[in-house]
Amino acid sequence: MSKLVIVESPTKVKTVKKYLGDGYNVTASMGHVRDLPAAKLSVDIKNDFAPKYAVIKGKEKLVKELKGMVAESDEVYLATDPDREGEAISWHLATLLGLDIDKTNRITFNEITKTGIENGMKQPRSIDMNLVNAQQARRILDRLVGYKLSPFISQKIRRGLSAGRVQSVAVRLIVDRENEIRAFVPEEYWTLDAKFTAPNRKSFSASFYGDETGKVKITSKEQADAYLARLDNAKYSVTSVKKGTRKKNPAPPFITSTLQQEASRRMGFQAQRTMRAAQELYEGVDIAGIGTTGLITYMRTDSLRISEEARAATNSFILQTYGEKYLPEKPRYFKSRSNAQDGHEAIRPTNPALTPDMVRASLTSDQYKLYTLIWKRFVASLMATCIQNTVKAEIDAVTEGVDGYCRFTAAGYSVKFDGYTVLYEESTDEEEDAEGKLPEINTGDKLKLKELKGNQHFTQPPARYTEASLIKALEENGIGRPSTYATIITTIVKREYVKRQQKQLYPTELGEAITKLLKEKFSKIVNTKFTAGMETKLDEVGEGKEDYIAMLHEFYDEFDKNLQKVKAEMKDVKIQLDEDVTDIPCEKCGRMMVVKVGRYGKFLACPGYPECKNAKPLVTKTNAKCPKCGGEVIEKKSKKGYTFYGCSNWPDCDFMTWDKPTDETCPECGKSLFKRKGGLTVCLGEGCGFERKTERKSRKKEDQ
């Protein structure tokens with residue numbers, strides 16, 4: 001018998017085929033094969049939102065080939081990704097290829113390994129139409145909002161805009177945070193910071209706590225100076241030393257959101273970059289001496305569940321590598337969030353005995369860094385607790401002739417047993433308390449003051465979102481799902497509703513204008529609780545608890561009624577944005593040109609329109625010179641929106657490159673140098689061939 005297995009990604013084909021062996025033919029659908037055509041709404045609202053699907057443009061030949069392969073096969077298995085999107089792809093394939101959707105021909109692989117594939121083949125099932133309907137409902141919801149609301153937004157603010165159902169909430173979070181920062185009024189406060197020498201001549205730091213009345217907050221220089229004067233010639237002694245121990249437990253293994261957050265904090269990875277490397281590790285990498293195998297389990301998950309098989313294998317590795325004391329007394333289990341779908345395990349290495357160092361030579365830089373992070377986090381999560389010795393000291397200052405006392409405190413810790421921290425410690429967005437190691441001190445010890453300073457501080461506004469903290473906020477608010485976080489951030493930056501500056505996310509004027517309009521006229525669209533409620537309903541559709549057509553009616557009927565009302569109210573209203581004025585004069589009238597946005601992107605136009613209709617392309621210059629003709633190298637965009645670089649003398653000069661220009665010149669020929677992916681700085685001058693490894697800034701904790 002010939003058996004056909006259809007997977008989603010072509011990179012899986014070789015691995016799956018290897019483990020299935022003879023008698024199986026494996027091919028890929030290359031993702032979705034059918035979708036709602038983009039040229040029109042493609043949803044029949046009057047007919048209970050019936051979607052009008054069509055084969056994706058350019059995939060007609062692939063579908064024809066798949067039909068031929070199905071006709072020649074005795075059995076067909078649909079092995080697309082194990083999530084809602086994968087379930088929908090299997091359903092679309094079954095529909096297009098004439099397969100019985102009730103037949104038990106749907107298989108899923110939690111990991112692309114021999115065990116994972118064998119387990120998947122042993123548990124075929126029929127296509128889960130509840131999951132399919134949940135995916136359809138999300139797709140239709142997003143299409144209705146995008147295609148109904150976007151034209152209105154474009155008409156009222158600027159041509160070519162779009163308003164996404166979930167992305168708009170993400171932009172609102174960033175806009176609201178910016179407004180909090182603007183409204184923030186800093187408050188002054190002071191600290192009194194001391195350095196003491198203990199009887200054993202070792203130094204340590206302590207901070208002012210208060211006086212005989214209790215804890216004191218110092219809010220002015222005058223108050224600080226008064227305490228400093230009171231402490232002049234004071235005698236310092238240790239009045240209490242409290243020693244104890246505290247336990248520090250490891251962080252749970254990664255789920256999608258925490259992986260994206262940690263990769264952003266530690267390695268500066270954007271969410272999209274993290275997911276790209278994770279997808280590669282899941283689908284399979286050719287490992288020297290082993291062959292092609294998946295290194296991690298499925299990476300779109302919100303579950304903290306771990307299989308007992310993986311737990312046993314990891315415990316065995318910990319025992320052999322670190323010893324029995326590094327295993328916890330009782331197995332550690334982690335509880336998933338209440339709204340987690342729990343369809344998959346947590347993200348973990350498929351084989352914990354395969355250490356990062358063992359596979360480093362076979363991985364790209366990004367793959368190695370991410371595998372190291374996932375491997376260490378997972379192994380550490382099953383290791384013993386870290387035990388720390390803690391000490392807190394109270395130091396009283398008494399000045400002769402002054403009633404009462406002033407109190408200082410100092411705290412520190414030392415590691416009694418390192419436990420899981422021998423391998424990994426979680427990073428945080430917030431600065432941790434600066435605790436150091438205290439010297440041996442005892443109650444009654446007299447201390448010598450080395451230094452005492454009053455330091456002025458001001459309270460700080462809430463921090464702007466980074467990718468890591470925005471993903472955390474989206475997750476905590478129930479906005480989006482594991483598979484959508486990277487897309488949400490990529491979309492709002494690409495649409496220029498948000499911009500990145502040194503990892504921080506700022507709203508643009510455009511993003512603020514859209515958010516203001518949506519908050520005033522379509523409050524539910526940008527309401528976090530409403531959007532989270534929609535996510536919960538989509539989950540309930542996936543569980544068979546909610547009818548997706550009824551859910552769509554509940555949303556759309558009210559939405560459309562409100563849209564018609566707002567259109568009537570704002571019939572003659574046009575929202576004006578402040579124009580981005582440049583330092584480029586108009587050649588015809590002398591006014592400074594402004595940046596406009598049209599159908600094909602940004603361009604320069606004279607602000608004197610319609611009296612002066614001068615317009616020209618917006619050119620982003622670099623400091624590099626063309627290696628062919630010496631002209632200026634400028635930034636350009638491909639038809640798909642990708643950045644490349646070319647000569648300003650085009651079409652007379654045809655130089656172009658994907659490599660990023662630098663300000664440096666070649667030490668051999670004097671021409672401009674360019675940065676290439678893979679860590680190289682190169683000269684593109686004909687016949688030169690100069691290259692060197694790009695110097696990288698060292699990153700603390702990068703390999704922790």
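**Reading salt bridges, burial and a cavity**

Mentor: Start with glutamate 394, which forms a salt bridge with arginine 407; their closest N and O atoms are 3.5 Å apart. This pair links distant parts of the chain, 13 residues apart: glutamate 394 sits in strand S14 (residues 386-398) and arginine 407 in strand S15 (residues 406-417). Before going on, note that this is a predicted model, in which local features need pLDDT of at least 70 and side-chain atom pairs count only at pLDDT 80 or more, while totals for chains, interfaces and linings use all residues. Residues are numbered from 1 along each chain as its sequence is written, and side-chain values use heavy atoms, with hydrogens and water left out.

Trainee: What counts as a salt bridge, and how many salt bridges does a search of the whole structure find?

Mentor: A side-chain nitrogen of Lys or Arg must lie within 4 Å of a carboxyl oxygen of Asp or Glu. The search of the whole structure gives 40. Some are linked in a network, as with Arg84, Arg481 and Asp539.

Trainee: Where do glutamate 262 and arginine 266 lie?

Mentor: Both are in helix H8 (residues 256-267), four residues apart, about one turn of the helix. Glutamate 262 and arginine 266 are both buried.

Trainee: Which side chain meets lysine 537 in a salt bridge?

Mentor: The partner is glutamate 554, at 2.7 Å, N to O. Here distant parts of the chain are linked: lysine 537 is in helix H16 (residues 528-542), glutamate 554 in helix H17 (residues 548-569), and 17 residues separate them. Lysine 537 counts as partly exposed because its relative accessibility is 21%. Glutamate 554, at 46%, also counts as partly exposed.

Trainee: Why does glutamate 8 count as buried?

Mentor: Its relative accessibility is 15%, so glutamate 8 counts as buried. Glutamate 8 is in the loop between strand S1 (3-7) and helix H1 (10-20). C-alpha to C-alpha, glutamate 8 and isoleucine 89 are 8.2 Å apart in space, yet 81 residues apart in sequence.

Trainee: And tryptophan 658: buried or exposed?

Mentor: Tryptophan 658 is exposed, because its relative accessible area is 53%. The loop holding tryptophan 658 runs between strand S26 (656-657) and strand S27 (660-665).

Trainee: What is a cavity, and which residues line the second largest cavity?

Mentor: On a 1 Å grid over the protein atoms alone, a cavity is a set of points where a 1.4 Å probe fits but cannot get out; lining residues have an atom within 4 Å of a point. The lining of the second largest cavity includes Ser162, Gln167, Tyr497, Thr515 and Val526. Helix H6 (167-183) and helix H15 (509-521) each supply at least two of the lining residues.

Note on methods
1 Å grid on protein atoms, 1.4 Å probe; cavity = no way out; pocket = protein on both sides within 12 Å on 5 of 7 lines; lining within 4 Å. Buried < 20%, exposed > 50% of the residue type's maximum accessible area, 1.4 Å probe, protein only.
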